[in-house]
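Visitor: I should like to examine this structure and to hear the reasoning behind each term applied to it. May we begin?

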Amino acid sequence: MMSEKRECPACHVKLEERSEGYAMGSALTLNRLHADIYTCPECRRIFLYESEGDRMVKCPVCGNMHHAGEKCLFCALNEVQGANAAS
Ligand SMILES: [Zn+2]
Ligand SMILES: [Zn+2]
């Protein structure tokens with residue numbers, strides 16, 4: 001887990017983690033930047049940190065890399081195409 005303590009440089013209070021591995025940019029872009037979003041409870045500022053690379057996981061179905069906090073995009077697309085073909 002994350003050992004590094006993140007605090008607001010202005011207020012010196014611990015930041016609250018609001019979202020882990022938020023995907024920046026288009027869903028169709030490979031190797032998107034994933035950000036961890038923190039807010040300061042005192043001044044309400046938002047801080048973004050790049051997500052750690054080890055949160056990427058390999059899909060057991062198709063073998064593509066995707067973020068641990070997200071569904072596999074390739075399998076999701078295959079499901080949509082499969083559903084369209086079946087109907
Ligand atoms: Zn602050
Ligand atoms: Zn997959």
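Visitor: What is the bridge partner of Ile37 in E3?

Guide: In this predicted model, Ile37 has Leu48 as its bridge partner in E3. Another residue pair is formed by Thr39, which stands opposite Ile46 of E3.

Visitor: What makes E2 and E3 a pair of strands?

Guide: Two strands pair if DSSP finds at least two bridges between them. Strand E2, residues 34–39, and E3 share five bridges, and therefore they count as paired. The sense of this pairing is antiparallel.

Visitor: Which residue in the hairpin of E2 and E3 takes a positive phi?

Guide: That residue is Arg44, with a phi near 65°. The hairpin has six residues between its strands.

Visitor: In what order do the strands of the open sheet lie?

Guide: The order is E1-E2-E3, three strands with antiparallel pairing.

Visitor: Why are E1 and E3 called edge strands?

Guide: Strand E1 (16–23) and strand E3 (46–50) each pair on one side only, and that is what the term edge strand expresses here. From one strand to the next, the twist averages 25°.

Visitor: Which residues is Glu16 in contact with, leaving aside its neighbours within four places in sequence?

Guide: They are Tyr38, Thr39 and Pro41. The contact itself rests on C-beta atoms, placed from the backbone, lying within 7 Å.

Visitor: How many helices and strands does the protein have?

Guide: There are one helix and five strands, arranged along the sequence as β-β-β-β-β-α. Of the protein's 87 residues, 9% count as buried. Among contacts with a separation of 6 or more, 29% come from residues 24 or more positions apart.

Visitor: Where is confidence lowest, and where is it highest?

Guide: Confidence is lowest in strand E5, residues 65–67, at a mean pLDDT of 77, and highest in E3, at 89. The protein averages 81, and 78% of the residues score at least 70. Where pLDDT is low, the predicted coordinates should not be read in detail.

Notes. Residues numbered from 1 in each chain as written. Chains lettered and ligands numbered in written order. Predicted model: local features only at pLDDT ≥ 70, side-chain atom pairs only at ≥ 80, totals over all residues. Helix = DSSP H or I, 4+ residues; strand = E, 2+ residues; numbered from the N terminus. Axes fitted to C-alpha atoms, helices over the stretch in contact; angles between N-to-C directions. Buried ≥ 20, exposed ≤ 12 C-beta atoms within 10 Å, placed from the backbone. Contact = placed C-beta atoms within 7 Å. pLDDT = per-residue confidence, 0-100.
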